[in-house]
Amino acid sequence: MLFRKKDRREAPDAHEASGLFLFDQVPDALWAERVLKRAGYDYALVAPPHHLRAGCDLAVAVPRVEHVGAERLLRESGVPVRGWVDDPGSSAAPVDLVTTVDFGDHLMVRAGNMKIVVDKNTLVIVNTSGGGCPDIPYLNVELVGRRLDEAPRPKSLGYTLCGLMLDRAYEEACALLGVEPA
Amino acid sequence: MTLLVVATYPVEGGPLVLGPAFLETDGSLRVGDAAVPHAQGTAAMLGAACAASRYLGTSAPWALIAGDIGRGDGTRAVFNALPAALAQARPSVVAFHYLQPIMALMREAVGAVEREAPGALLVADAGGMYAAKAAGLASRFELMTPDVGELGFLADPAATHPAYVSHYLFGTDGFDPVKLSGLAHERGGAARVLIVKGEIDHIAEQGEVVATVAEPLVPALEAIGGTGDTLAGLASAFLAAGFPTLDAAVCAARANREAGRVMGATPAMRARDLVAALPDVLRDNLCAWSGACAL
């Protein structure tokens, strides 16, 4: 499961009962996620409705019944929210296709089309690849050469959905190599 | 016959630069008077394009680039500067590469190319490809270079980013490049020609796979950040040199793989190692592959 959900969101009609907070930038959505998580809210990171997408967006779904309280919390925390959609229809979650390739001394983990490669003996990140947003070369510069257990999380450095997917690969690499994620 | 690469480089606040790109003997890249840091992305793409144009004796590629680490500031700067850059460079090929995928800006950019450089062929990879497809402009492009996951995105009319590809496109054996190339073309999500990067590179023209390149097989290339960028750089440079698009695609796929073999690729190597191997690869093979023989 890519994003944490509470059991009650697994109910078949739970999705219909959610609305969406929209943001201008992916980091704002991730900031909202942190704020809502800390406060114990039920949430999921999803795609905005098609007609409201700008091209590289992320939205946060929360149950409609909690809209007012969640919005107040986000406002008080300073998170810039572009708007709220009460009835988003179908909103796809980011892909959760995680695969691995074992090169012997190196392990490559793919999440969607994002990849992270770690030296299994030293835990040093030797490569990142995939994705096409401008934070991907930046993350490559920032992460390669650092140990998996000392590197910052890609989602704390990145700004786009590509960075978020790389974080998913990082999370899986940590799990497979017995490292506690940062 | 000039290639113009429109892209960003991973330096926060890095200035806007326009000019011809040169690969120095130590492997570093310069655009005009500015040094572009070694990294995957733009440096890898331009490095490969420089190597190809140097071998072929054609004009050095031009670059319009600005620093952007994912906030979109550099992307906006290059799009704003594009009309003037087109007027100055008069490119025959314009390649959109690492850019924040902002659909509205891509719509303006394609309009600017059609006004300022009519007839120029459009290439897209990375964020440039995401923006072109999401904005409904993919079919105006001559060449795109998706990996198989990105091909799923091109084939999914509802997706505006590869992170949201519909799972229904993903079969039990993963994405099928032959089927998805057809779907992407049919649904208006693909360029006229695609190089679908993977264990086997599939080259599709108007939705039909017309060539594959499977040798040499160098599995470590997938792990090295930037090897897709070098492929895009090679194909763009060949296109600017006048190669027919299918020949440009096949030669690029072959050269990229052969460079991986020559450098003895491991998962810990870098795209700049591949760029360094390209001069020998092109010298030893391109004449036989394409008839483009240096004098």
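**Where the chains meet**

The side chains of A:Lys115 and B:Glu222 form a salt bridge, at 3.6 Å from N to O (a side-chain nitrogen of Lys or Arg within 4 Å of a carboxyl oxygen of Asp or Glu). Between chain B and chain A the count is two salt bridges. This is a predicted model, in which local features need pLDDT of at least 70 and side-chain atom pairs count only at pLDDT 80 or more, while totals for chains, interfaces and linings use all residues. Residues are numbered from 1 along each chain as its sequence is written, chains are lettered from A and ligands numbered from 1 in the order in which they are written, and side-chain values use heavy atoms, with hydrogens and water left out.

Chain B and chain A also share 12 residue pairs in polar contact, both residues being at pLDDT 80 or more. Such a contact is a pair of N or O atoms within 3.5 Å; within protein, one must be able to donate a hydrogen and the other to accept it, and residues adjacent in sequence count only if both atoms are side-chain atoms. On the side of chain B that touches chain A, there are 25 nonpolar, 11 polar and six charged residues (Ala, Val, Leu, Ile, Met, Phe, Trp, Tyr, Cys and Pro count as nonpolar, Asp, Glu, Lys and Arg as charged, and the others, Gly among them, as polar). The contact draws 44 residues from chain A and 42 residues from chain B, with contact meaning heavy atoms within 4.5 Å.

**Two helices of chain B**

Now turn to helix 1 (residues 42-56) and helix 7 (residues 227-240) of chain B, whose axes come within 7 Å and cross at roughly 35 degrees. Axes are lines fitted to C-alpha atoms, for helices over the stretch in contact, and angles run from 0 to 180 degrees between N-to-C directions. Helices here are DSSP runs (H or I, at least four residues), as are strands (E, at least two), numbered from the N terminus. The residues of this helix contact divide into 10 nonpolar, three polar and one charged.

**Backbone details**

The peptide bond from B:Glu215 to B:Pro216 is cis, with omega near -10 degrees. B:Pro216 sits in the loop between strand 11 (208-213) and helix 7 of chain B. In chain A, A:Leu123 has a positive phi of about 65 degrees although it is not a glycine.
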